[in-house]
Number of protein chains: 4
Amino acid sequence: MRTGIWLVGGRGSVATTTITGAAAMRAGLAPAYGCVTELPAFSSIGLPGFDELVFGGHDVVQTDLVKRAEELAAAGVFPRNLPEAVREDLMAADAEILPCADGDASSTQAMVAEALVADINDFRRRNNLERVVVVNVSSTEAPIRKVPAHDSLAALREALAQGQSVLPSSSLFAYAAFLADCPFVDFTPSPGARIPALDELARERGLPYAGSDGKTGETLVKSTLAPMFAHRALRVKSWHGTNVLGGGDGANLADPERVISKSISKAMVLEAILKYQVEGGVHIHNLVDMGDWKTAWDHVTFEGFLGTRMTMQFIWQGCDSSLAAPLVLDLARLVAVAHREGVSGPMPELAFFFKDPVGTDEHELERQYIMLTDWAEGLQAKG
Amino acid sequence: MRTGIWLVGGRGSVATTTITGAAAMRAGLAPAYGCVTELPAFSSIGLPGFDELVFGGHDVVQTDLVKRAEELAAAGVFPRNLPEAVREDLMAADAEILPCADGDASSTQAMVAEALVADINDFRRRNNLERVVVVNVSSTEAPIRKVPAHDSLAALREALAQGQSVLPSSSLFAYAAFLADCPFVDFTPSPGARIPALDELARERGLPYAGSDGKTGETLVKSTLAPMFAHRALRVKSWHGTNVLGGGDGANLADPERVISKSISKAMVLEAILKYQVEGGVHIHNLVDMGDWKTAWDHVTFEGFLGTRMTMQFIWQGCDSSLAAPLVLDLARLVAVAHREGVSGPMPELAFFFKDPVGTDEHELERQYIMLTDWAEGLQAKG
Amino acid sequence: MRTGIWLVGGRGSVATTTITGAAAMRAGLAPAYGCVTELPAFSSIGLPGFDELVFGGHDVVQTDLVKRAEELAAAGVFPRNLPEAVREDLMAADAEILPCADGDASSTQAMVAEALVADINDFRRRNNLERVVVVNVSSTEAPIRKVPAHDSLAALREALAQGQSVLPSSSLFAYAAFLADCPFVDFTPSPGARIPALDELARERGLPYAGSDGKTGETLVKSTLAPMFAHRALRVKSWHGTNVLGGGDGANLADPERVISKSISKAMVLEAILKYQVEGGVHIHNLVDMGDWKTAWDHVTFEGFLGTRMTMQFIWQGCDSSLAAPLVLDLARLVAVAHREGVSGPMPELAFFFKDPVGTDEHELERQYIMLTDWAEGLQAKG
Amino acid sequence: MRTGIWLVGGRGSVATTTITGAAAMRAGLAPAYGCVTELPAFSSIGLPGFDELVFGGHDVVQTDLVKRAEELAAAGVFPRNLPEAVREDLMAADAEILPCADGDASSTQAMVAEALVADINDFRRRNNLERVVVVNVSSTEAPIRKVPAHDSLAALREALAQGQSVLPSSSLFAYAAFLADCPFVDFTPSPGARIPALDELARERGLPYAGSDGKTGETLVKSTLAPMFAHRALRVKSWHGTNVLGGGDGANLADPERVISKSISKAMVLEAILKYQVEGGVHIHNLVDMGDWKTAWDHVTFEGFLGTRMTMQFIWQGCDSSLAAPLVLDLARLVAVAHREGVSGPMPELAFFFKDPVGTDEHELERQYIMLTDWAEGLQAKG
């Protein structure tokens with residue numbers, strides 16, 4: 001099943017790590033650590049192999065993938081020698097990464113979308129791909145303002161036909177993906193496909209989509225620990241989280257507008273699991289010196305039997321791109337299978353991967369994992 | 001359903017907190033935090049109410065429960081004013097706590113067992129109880145040496161009839177519990193009912209039993225976090241745990257013989273979940289100054305995508321007796337229901353409460369919780 | 001040496017803990033932990049004894065000291081039984097705490113100052129005191145805007161004579177203290193006596209003053225650890241600090257204006273010691289649930305030999321009022337001695353107690369301690 | 001001042017890092033981070049320059065320095081490219097590292113010492129060195145058993161003359177160093193020169209010596225923080241330390257005999273500073289996975305004003321060899337200066353570098369630093 005992965009933000013840290021890693025695993029240069037789809041539970045559902053994946057994408061950045069990979073290797077995101085070892089794969093993918101087509105100020109969103117569709121279709125044809133999955137790994141956008149054109153596909157089509165700019169960038173990519181008959185995955189907290197008009201479009205064309213906001217670090221741990229407090233009836237009184245990180249993501253999230261999207265998706269997890277309001281918040285501080293190595297400190301106070309107060313703290317020191325990249329591969333592979341199987345609309349079965357999953361309120365990590373493996377088992381039984 | 005709870009180690013910290021807490025909740029003086037059985041999932045299975053619980057037990061300690069409760073309140077285990085507020089309940093329970101019948105050096109184990117059975121039967125009759133659940137909350141014993149008399153009930157009966165001493169103390173109590181037609185719960189890592197001969201006896205008399213070793217702190221967190229690493233395919237390279245604690249438990253576990261039982265049950269969790277060997281161990285240090293407030297530091301190293309190394313640490317600061325006591329109530333109530341329903345033999349459905357659960361290899365906390373709630377749902381459906 | 005301690009903010013948490021603690025120590029009910037002046041180094045400089053201290057002050061709060069002490073005891077700031085045990089002392093002090101004289105909107109600052117002076121003089125006379133030390137323990141003010149009237153005593157006098165309001169509240173109290181011939185200590189980061197006009201006044205009247213901003217928690221540790229990095233030539237790359245706290249201070253510092261004063265005094269320590277700019281900042285989050293129990297997490301990255309990167313983290317869990325109160329006693333006692341000895345103007349010898357010490361740039365804790373003990377030794381030699 | 005540094009354990013991790021680092025700094029390839037002697041305070045005392053240092057030593061290990069350096073670079077102890085960049089220096093040093101002369105079972109300690117002296121003298125002559133400093137960086141030995149031959153130089157000489165083996169290995173090297181007219185530094189907790197007979201020898205020949213046990217990680221922090229508690233009169237109730245580390249040191253310290261020497265020198269610091277006994281201990285666990293990256297968790301409980309309990313914890317994540325190596329250079333350079341200046345006997349001025357300093361009871365890091373800089377200033381004044 002030759003499968004294309006079209007990365008919006010194709011030269012970013014996550015994309016570069018994804019492409020480098022896929023090449024490394026294809027070449028047998030690295031273990032499959034971090035790849036959920038390489039667990040035994042997913043061995044018989046007909047996933048595209050690492051040697052069947054072809055990468056392309058859009059990015060405004062010009063620095064080529066080899067150079068980006070060298071930067072990341074120098075920062076410790078993956079071994080030093082990898083960029084050289086997979087140089088040809090990186091160059092091949094780099095040749096498939098196009099500048100975004102929105103350069104011309106006079107272009108309407110409709111025209112931009114058309115150009116994006118053409119890019120994706122060309123990529124599919126050129127590489128002789130059975131299907132292409134579009135994955136958004138670009139920078140987090142500020143929260144969206146709703147406009148009537150989002151409410152239905154008809155309204156959206158009309159607005160675009162009139163030359164209006166009604167979609168945030170992530171949603172424009174989702175729109176183009178669907179027009180090009182591609183499943184769409186939003187790995188960021190940006191609006192993406194989560195607009196009624198786009199949901200309608202996906203269903204109309206029989207396309208699955210998944211999102212939002214990859215669950216890679218502090219929130220991953222939170223969605224693992226909160227059920228323990230809930231099911232042991234321990235009453236959480238406060239949960240404070242501080243994240244320090246540098247890299248592009250650190251700088252991006254230092255923007256108070258953009259961080260809102262992130263903080264919203266981070267905060268919802270706790271109350272969705274505990275079913276009551278908990279004091280405290282999630283704070284993100286840009287610390288250039290940390291680079292891609294995010295460190296999170298979470299401080300939890302809780303009351304046990306007879307109101308006795310106790311605390312739990314955790315310190316998570318993880319490499320963000322390294323945690324995200326294998327999930328991008330997992331999602332692209334799983335969504336490709338779903339597409340093959342005719343799944344249409346949002347995929348709650350993939351909640352395991354997201355801070356703010358579409359189509360479900362389930363935030364407990366382990367229950368999300370059971371949803372995922374149950375789905376895989378169902379496929380297998382059918383297959 | 002008037003239910004007796006017979007506590008082996010009835011004047012220990014866990015027992016005292018259990019009895020004080022049950023009285024406080026009966027009187028509406030405290031929230032039900034920490035009580036799993038007070039969650040909605042268990043509201044319709046006919047649990048005995050807090051006002052239907054009657055406490056008794058055995059202990060070699062002479063200090064009365066009021067004084068013990070005052071000591072614990074002074075140490076912050078529960079609010080200062082509680083012992084005074086529930087003084088009568090404490091005195092009533094204290095009157096039901098008997099010295100262990102093994103004083104006389106010439107007594108055989110058979111004779112001691114007979115005396116224990118008589119004590120329990122008297123307690124049931126005197127208090128007009130429908131049933132009595134025996135719970136072992138005494139000190140951890142050293143690991144057991146197997147003898148042929150453990151292999152079958154017939155062999156055990158013969159050995160005891162010959163006046164041999166073949167059972168460790170915890171197992172002698174389990175034996176007596178079964179002879180007195182009582183379900184048995186082992187909250188410690190001691191052998192208790194986990195001897196083939198005793199399993200046979202429990203089944204013969206149609207009695208449920210549960211254990212071993214209440215999962216209250218570091219191991220609770222471990223059994224919550226390890227599945228996250230497993231299901232995200234993150235490769236755990238080392239997991240080091242250090243516990244500092246004082247109190248009776250600190251001193252007891254400073255004994256290198258006894259700590260072995262504890263360490264074994266603590267260590268098994270990780271490998272049972274991850275399915276591979278992980279470097280590191282669990283270390284317990286007695287620090288008198290900490291009292292009942294156990295602090296655990298766990299340091300985990302793991303490899304993610306492409307072998308990138310990351311770490312997670314957690315610091316758990318909990319009050320051991322306060323974490324254990326509500327589980328004792330939960331277990332006694334659930335086992336009482338099981339007894340009513342005719343359950344016989346080991347109860348894997350209660351694995352959620354234990355470090356080393358009988359009758360199952362399931363160590364993942366959330367799956368254990370699903371086992372428990374599925375069982376409760378089944379009862380409800382039947383009821 | 002009967003010595004008055006006039007507390008601006010006399011019913012706040014720090015003041016209440018100070019008064020309760022002095023009474024407890026006088027009565028032999030508590031050890032002198034936390035009291036620097038009780039160390040052997042200060043035993044022969046003629047400090048006023050705890051039984052020679054008399055408390056009074058100003059506050060807008062009406063809740064009496066007994067009630068405030070009970071609240072603090074309930075929150076764990078000191079033992080439960082203390083308020084009752086020192087009830088009479090608390091009532092006596094409470095009777096000496098007056099409302100601030102600035103109620104009347106038509107009053108000028110000159111008139112308010114006059115009223116404050118009268119209050120202090122009455123207190124001294126009524127209690128037959130040798131001297132009174134005024135200590136500001138009220139809420140942190142926003143940073144000050146400089147006006148020409150601050151530049152010299154003459155300019156200040158003229159502005160006040162014209163009915164102008166040119167002094168922030170803390171400085172008005174310092175002004176009144178000096179007019180009443182009292183030494184002044186600023187335990188907060190507010191401007192207090194740090195205005196050229198007030199410095200001139202203090203020197204003119206031969207009065208010592210000290211400040212600013214008691215060094216009690218995270219900054220105390222910082223000023224202890226930073227010299228280690230400096231003198232071992234380890235290059236600090238980032239130092240991030242997060243503080244979570246509730247109580248009055250938590251709420252107060254959640255005010256973005258007021259927190260500026262605090263953050264400035266917290267930040268300067270690091271660069272003063274290291275002599276180079278370090279990335280990172282100090283963040284303060286209000287978490288009501290924490291009460292007076294401040295928890296700080298500091299994360300430090302540094303480079304060692306050949307640029308190798310390492311990290312150090314610390315977690316400080318302290319009770320703010322409990323850390324501050326003994327220092328208030330120390331400062332009042334030491335400043336009383338200085339006054340007796342004829343010291344005039346700012347006291348750099350007391351830098352040990354402050355985040356932003358007047359009269360010196362020395363921020364290293366241990367060097368500050370040497371300055372303090374050298375001064376005490378000098379007094380002794382002279383005495 | 002051409003100065004030889006003769007490293008006992010010349011191919012160990014510390015020695016390899018020292019030699020690599022000196023070469024890197026000589027070549028201007030690395031900043032002088034971690035080098036105390038490069039601070040301004042030491043700029044005018046006539047230290048030998050990095051280009052005046054020549055390395056040699058003894059080791060039983062055969063793996064050459066280039067290979068050892070590559071291993072350390074791979075483990076992250078220093079940058080990957082360094083071993084190649086300073087290859088010639090490493091090869092030159094490697095050529096000066098000799099096997100220990102104790103191979104022959106029939107050799108007496110007197111004969112071995114003679115051979116060692118010859119090796120050192122040859123090294124000095126061959127390289128045309130003004131002086132040679134011998135530094136012990138070999139594995140920690142078990143504590144020593146005293147024998148009468150240690151009590152005086154005469155007794156020692158007689159025992160050796162009779163063919164007795166009375167000296168532990170580290171002391172035999174110190175003996176040889178002194179016979180070869182070299183100053184001696186013990187960077188380990190082994191006995192080294194701390195034997196009355198050897199002290200006598202050092203003084204007789206006018207040689208300075210320094211030790212013991214380089215203070216690089218947890219103890220460094222401890223000796224920095226403990227004075228804060230002492231001088232703020234905060235009463236430390238318990239101080240628990242856990243160290244996890246791998247590498248050669250981890251394995252070596254897993255040996256219960258050897259770890260005793262280490263634990264003794266680690267434990268003394270606290271009580272020497274606080275002047276009272278504190279509960280708790282220092283625990284060292286071998287965790288191969290950690291390699292040279294030692295992580296220490298220290299948990300401190302203390303009581304403040306009115307007995308209020310608080311805690312401080314720190315987590316130190318450092319690279320042991322990287323922390324030790326610059327101190328080896330510092331010590332060799334400083335001792336070389338002392339030798340030039342005619343210092344004889346133990347050097348308490350160098351306490352700043354050691355867990356168990358010879359010639360002084362001062363353990364407070366900052367006071368040790370003042371001792372060191374005062375000494376440097378004295379030299380400068382004289383010079």
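**Salt bridges and packing**

Guide: Glu96(B) forms a salt bridge with Arg126(B), and their closest N and O atoms are 2.4 Å apart. Bear in mind that this is a predicted model.

Visitor: Where do Glu96(B) and Arg126(B) lie in chain B?
Guide: Glu96(B) is in the loop between α4 and β3 (97-98) of chain B, while Arg126(B) is in helix α5 (residues 109-126) of chain B, so the pair ties together parts 30 residues apart in sequence.

Visitor: Is Glu96(B) buried or exposed?
Guide: Glu96(B) is buried, because its relative accessible area is 10% and the cut-off for buried is under 20%.

Visitor: What does Arg11(B) pair with?
Guide: Arg11(B) forms a salt bridge with Asp94(B), with 2.9 Å between the closest N and O atoms. This pair links distant parts of the chain, 83 residues apart: Arg11(B) sits in the loop between β1 (3-8) and α1 (13-26) of chain B, and Asp94(B) in helix α4 (residues 87-95) of chain B.

Visitor: And how about burial for those two?
Guide: Arg11(B) is buried at a relative accessible area of 8%. Asp94(B) is buried as well, at 16%.

Visitor: Which salt bridge involves Arg367(D)?
Guide: Arg367(D) forms one with Glu366(C), the closest N and O atoms being 3.0 Å apart. The pair crosses between chains, from helix α13 (residues 365-382) of chain D to helix α13 (residues 365-382) of chain C.

Visitor: How do Arg367(D) and Glu366(C) class by accessibility?
Guide: Arg367(D) counts as partly exposed at 24% relative accessibility, whereas Glu366(C) counts as buried at 8%.

Visitor: Which residues are linked with Asp289(C) in a network?
Guide: Lys237(A), Glu303(A) and Arg309(A) are linked with Asp289(C) in a network of salt bridges.

Visitor: How many salt bridges over all chains?
Guide: The count comes to 76.

Visitor: Changing topic. What is the strand order in the open sheet?
Guide: Eight strands form the open sheet, in the order β8(C)-β7(C)-β9(C)-β10(C)-β10(D)-β9(D)-β7(D)-β8(D), with mixed pairing.

Visitor: Which strands stand at the edges?
Guide: β8 (282-286) of chain C and β8 (282-286) of chain D do; each has a single partner strand, so one side of each is left without a neighbour in the sheet. The twist averages 10° from one strand to the next.

Visitor: How many bridges join β7 to β8 in chain D?
Guide: Five bridges join β7 (residues 235-245) of chain D to β8(D), and the two run parallel. Asn243(D) stands opposite Ile284(D) in β8(D).

Visitor: What lies across the sheet strands?
Guide: Helix α9 (residues 218-231) of chain C lies across β7, β8, β9 and β10 of chain C together with β10 of chain D, at about 155° to β10(C). Helix α12 (residues 320-340) of chain D lies across β10 of chain C and β7, β9 and β10 of chain D, at about 80° to β10(D).

Visitor: Last one. At what angle do α2 and α4 of chain D cross?
Guide: Roughly 125°, with the axes of α2 (residues 65-74) and α4 (residues 87-95) of chain D coming within 8 Å. That makes α2(D) oblique to α4(D).

Visitor: Which residues meet there, and what are they by class?
Guide: Leu65(D), Val66(D), Ala69(D) and Glu70(D) in α2(D) meet Arg87(D), Leu90(D), Met91(D), Ala93(D) and Asp94(D) in α4(D). By class, the contact of α2(D) with α4(D) has six nonpolar, no polar and three charged residues.

Note on methods: Residues are numbered from 1 along each chain as its sequence is written. Chains are lettered from A and ligands numbered from 1 in the order in which they are written. This is a predicted model: local features need pLDDT of at least 70, side-chain atom pairs count only at pLDDT 80 or more; totals for chains, interfaces and linings use all residues. Side-chain values use heavy atoms; hydrogens and water are left out. Two strands pair if DSSP finds at least two bridges between them. Helices (H or I, at least four residues) and strands (E, at least two) are DSSP runs, numbered from the N terminus. Axes are lines fitted to C-alpha atoms, for helices over the stretch in contact, and angles run from 0 to 180 degrees between N-to-C directions. Contact means heavy atoms within 4.5 Å. A salt bridge is a side-chain nitrogen of Lys or Arg within 4 Å of a carboxyl oxygen of Asp or Glu. Buried means under 20% relative accessible area, exposed over 50%, partly exposed in between (1.4 Å probe, protein chains only). Angles under 35 degrees count as roughly parallel, over 145 as roughly antiparallel, 65 to 115 as roughly perpendicular and the rest as oblique. Ala, Val, Leu, Ile, Met, Phe, Trp, Tyr, Cys and Pro count as nonpolar, Asp, Glu, Lys and Arg as charged, and the others, Gly among them, as polar.
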